[in-house]
Amino acid sequence: MPESTLMAQIPEPVRAICRRLRETGKRAWIVGGCVRDLLRGAFVADYDICTDALPEQTMRAFPKVVPTGIEHGTVSVLWKGVAYEVTTLRGETTYSDGRRPDAVVFHDDITADLARRDFTVNAIALDPLDGAIIDPFEGRRDLEARVIRAVGDARARFAEDGLRVLRAARFVATLGAALDPATEAAIGPSLDTYRKVSPERVRDEWLKTMKAKAPSRAFDVMLRTGVLGVSCPELAEGAGCAQGPGHAYDVWGHSTATMDACEGDAVLRLAALLLDVGKPRARAPGPGPGEYDFAGHDRVGAELCDEILRRLRFSNEERERAVAIVRHHLPGYDETWSDADVRRWVRRVGRERLDDLCRVARADALATGRPCERELSLVARLEARSRAALAAGDPLSTKELAVNGRDLMAALAMPPGRQVGELLERLLEAAIDDPALNERGRLLERARALYETGAPPAGA
């Protein structure tokens with residue numbers, strides 16, 4: 001992209017902040033991911049500004065400044081109510097914890113500041129006032145060639161922050177790039193530093209990776225470099241786990257293809273990746289040579305999914321959603337299902353999961369590596385029938401019955417207790433079979449007959 005076009009993309013507040021610093025005799029640049037994304041014509045969400053002004057000098061230059069990270073040289077300049085981070089050029093010493101520098105040294109050399117960054121595509125600076133680009137490590141060339149290359153010595157960069165090995169994998173996916181061989185070769189020897197990375201930071205990188213068109217590119221890097229074996233060995237078990245002659249891929253290949261094919265948010269795509277995480281542990285010999293039986297892998301997978309997402313500190317809401325998707329991703333639908341069967345399925349999985357399960361079912365079919373028109377047709381038919389049941393207002397929970405527990409106790413002189421709930425469940429089963437029964441009079445009549453005959457609880 002021509003420099004004149006780049007300049008036009010930079011917001012006026014960013015240019016104004018840099019202009020004000022120049023008026024004080026200092027220089028300022030935008031750096032890192034914002035320059036990378038400007039060069040590739042992508043949307044830029046945040047602008048990182050760096051300057052040769054010391055933090056105290058930056059604070060004196062503006063009327064409203066917050067010392068958000070002043071010990072590391074960062075302050076937030078408030079410009080018309082919006083905060084812009086401005087960081088002093090710096091160098092760093094050793095990284096004992098594999099995340100933060102033991103000490104920070106401020107200086108006025110932009111090239112030295114860029115030298116401490118992770119990858120060449122992120123080590124480019126741009127002066128928003130005159131358009132000058134500073135690219136000492138040829139990051140622009142690597143960006144055009146779609147190569148992720150560490151700045152300088154890859155092992156040194158990875159030793160500074162263990163998360164960088166995971167960021168390398170993410171950029172392979174989000175930028176559609178290849179990983180420089182020397183950079184990839186440095187990942188294996190850096191895994192001890194990666195083990196120091198907090199689960200929360202790993203989780204955040206996974207979620208960012210899911211925004212790529214093909215997140216599988218990142219997870220393939222994680223697998224072959226050993227990163228995945230540190231974070232999620234259960235998922236790595238799918239590599240080389242054959243599924244039998246009717247399958248085009250092993251469990252790993254199918255799982256990553258399902259993730260890529262899944263249309264949805266990051267948590268839904270993560271659930272798609274984990275759909276078959278239970279297969280390696282549930283696999284048993286099948287009826288013929290080279291055939292396998294994976295009975296129960298949905299249950300085993302749900303348990304593993306729960307363990308994995310707890311370990312990676314996903315929120316309860318995210319974890320419960322993903323676990324439910326993995327547990328119920330095998331509806332087993334065919335056209336022999338009655339309307340009552342459809343209603344029972346929706347009740348079992350929860351109406352709030354209908355869209356999720358249909359999305360991952362479509363992705364699961366598309367990722368088989370073979371014609372899937374029949375499977376897609378069945379998914380579409382199940383979704384249509386399920387939505388029709390919801391639109392009709394058919395009762396799917398005891399709360400949607402035309403009677404409640406108080407009604408039963410009053411009409412039947414029942415004492416409060418478990419038997420009231422059991423009777424409501426029996427009425428729901430009857431209403432699922434025949435929604436026309438969901439009328440107060442008919443339900444009370446059915447309840448009286450069940451109560452007087454001592455019918456066993458639903459599901460007994």
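How much space lies in the largest cavity? About 40 Å³. A word on the ground rules: this is a predicted model, where local features need pLDDT of at least 70, side-chain atom pairs count only at pLDDT 80 or more, and totals for chains, interfaces and linings use all residues. Residues are numbered from 1 along each chain as its sequence is written, and side-chain values use heavy atoms, with hydrogens and water left out.

**Stop 1: the cavities**

On a 1 Å grid over the protein atoms alone, a cavity is a set of points where a 1.4 Å probe fits but cannot get out; a pocket is an open set with protein on both sides within 12 Å along at least five of seven lines; lining residues have an atom within 4 Å of a point. Grid points are joined across faces, edges and corners, and volume is the space filled by probe spheres set on the points. Two cavities of 30 Å³ or more are counted.

Select Q243, H247, A248, Y249, H254, A367, T368 and R370 to see the lining of the largest cavity. Three of these residues are nonpolar, four polar and one charged. Here Ala, Val, Leu, Ile, Met, Phe, Trp, Tyr, Cys and Pro count as nonpolar, Asp, Glu, Lys and Arg as charged, and the others, Gly among them, as polar.

Next, select E234, L235, G238, V251, W252, S255, V277 and P280, which line the second largest cavity. About 40 Å³ of space lies there. Its lining has five nonpolar, two polar and one charged residues. The largest share, three residues, comes from α15. Helices (H or I, at least four residues) and strands (E, at least two) are DSSP runs, numbered from the N terminus.

**Stop 2: the aromatic rings**

Rings of Phe, Tyr and Trp (its six-membered ring) pair if their centres lie within 6.5 Å; planes under 30 degrees apart are stacked, over 60 edge-to-face, the rest tilted. There are six aromatic pairs by this rule. Select F119 and F171: they pair edge-to-face, 5.9 Å centre to centre, with 85° between the planes. F119 sits in the loop between α5 (110–115) and β8 (125–126), F171 in helix α8 (residues 164–174), 52 residues apart. Both are buried (under 20% relative accessible area; exposed is over 50%, partly exposed in between; 1.4 Å probe, protein chains only).

Now go to Y333 and W337. Their ring centres are 5.0 Å apart and their planes at 80°, so this pair is edge-to-face. Y333 and W337 are both buried.

R170 lies over the face of F171, 4.8 Å from the ring centre. The rule asks for NZ of Lys or CZ of Arg within 6 Å of the ring centre and within 35 degrees of the ring normal. For another case, select K279, whose charged end sits over the ring of F294, 4.9 Å from its centre.

**Stop 3: helix α20**

Select residues 339–349, helix α20, where A340, V342, R343, W345, V346 and V349 are buried. Their cover includes α21 (354–366), α22 (373–391) and α24 (418–433), with contact meaning heavy atoms within 4.5 Å. G350 follows α20, with a positive phi near 95°.

**Stop 4: the second largest pocket**

This pocket holds about 660 Å³ of space. Of its 27 lining residues, H329, L330, P331, D364 and E375 are the closest to its centre.
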